[in-house]
Every structure is written in C-alpha cells, then in structure tokens.
Amino acid sequence: IFNEKKVDELILIDIEATKNCAEPNYRKLKMIANESRMPLTYGGGIKNVEQAKKIISLGFEKISISSAAYRNNNLISEISKEIGSQSLVITVDYRKSLFSKEYNIYTHNGKKKLEIDIFEFSKSAVKLGAGELVFFSISRDGKMQGYDIDFAKIIRQCVNSQISFIGGAGNTNHMQELIDETGIVGAI
C-alpha cells in the first residue's frame, strides 16, 4: 500500500524490542525491504554495530537507535563509522514537565525518565556522528492538535542537523505550521 501511495520514506520502529530485550526480526525486515520501493529506516532493539550493519545489508537505508545511545555514547560514533552518518538516526522520546519548562528524555515506551539534558545530548549525538535526529513528543502523540512548536524552535537553534518531529499532527496544516515556524524539518 505504501508503494502505491508513493510514500517517499518509511520508518519502522519496534517499540517492544528494547523493553523485551529482543533482537530485530531480520527475516521480517528482509521481506519488507524486498517489497519496498522507497527508502526504509528501522529502529528497535539495536544494541551494537553488527546489528546495524546487518539491517543495512538487508536493504534498509537507515537505522535508528534510542535507548542504546543513552547507555553507550560511543555506540553513536562506532555505528556512524561503519555505516556512515547519513544512515544513523537517533530517536529521542521526550515529554515536557508539567511543573516546569524542562523537557525530559524517556525510554521504554515513555515509562523510564532519564536524567540527561535533552539539548546537551542532542548536540553531543550530532558531534559523535548522528546524521539525523527524530524527536517524538510523547504528550502530543495521538492528540492531533499540532506539534510542539516551542520545543521545535528551541531544538532547531540548538543543533545543526537534519531534524524530524513526530507527535501531534492531525492534518497537513499542522505540518505546514511546523515547517513555517522552524524551517526545513521533517514532519511525521
């Protein structure tokens, strides 16, 4: 269906893989890559360079890491050296604090709050070799009321990298607003 709709890129994220300490399902990923006529990105359960290389060898253009990047910053540079920064995406799940203006990073499907500064981590990830950052707003997901424009503006000033945002879009006007307010970014 995505081929027929002429989708320009598809991102597949296994949100249970890390939580369940599961390996990526290489057989299924190979089947998807064989059927796809668009660039593919996969994330979920990637913990080392060998897994990243294997996924790229199956026909995926990019891999995305999240939890593993927080546990081991060297993993970003190791993967980047092996597959190239253009093929490494760091996905950052975040939520704005209800009682302050802080933005906090979360893992494990939004259940585990990390004591890592989101802005410092983002800058560091780019310096270490991440070619793209994807920011997922946990609190806006599914609400269809628009993106977190305030956060997008701040992070856009903070890092010089390809950036995409997930969470909040209810229509194409929301996507246009994000682009108008922040410049060229990905709106997912």
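**Note on pockets and a helix pair**

1. The largest pocket has a lining of 33 residues, and those nearest its centre are Ile13, Ile15, Ser66, Thr91 and Asp93. Its volume is about 660 Å³. A pocket here is an open set of points on a 1 Å grid where a 1.4 Å probe fits, with protein on both sides within 12 Å along at least five of seven lines; lining residues have an atom within 4 Å of a point. A volume is the space filled by probe spheres set on the points.

2. This is a predicted model: local features need pLDDT of at least 70, side-chain atom pairs count only at pLDDT 80 or more, and totals for linings use all residues. Residues are numbered from 1 along each chain, and side-chain values use heavy atoms, without hydrogens or water.

3. Several elements each supply at least two residues to the lining of the largest pocket, among them strand S4 (88-96), strand S7 (132-137) and helix H3 (67-71). Helices (H or I, at least four residues) and strands (E, at least two) are DSSP runs.

4. The second largest pocket holds about 300 Å³. Of its 16 lining residues, Glu9, Gln162, Ser164, Gly186 and Ala187 are closest to the centre. S8 gives the most to this lining, with 3 residues.

5. Helix H5 (residues 118-128) and helix H6 (residues 149-158) have axes that come within 10 Å and cross at roughly 40°. Axes are lines fitted to C-alpha atoms over the stretch in contact, with angles from 0 to 180 degrees between N-to-C directions. Contact means heavy atoms within 4.5 Å. H5 supplies Ile118, Phe119, Ser122 and Lys123; H6 supplies Phe151, Ile154, Ile155 and Cys158.
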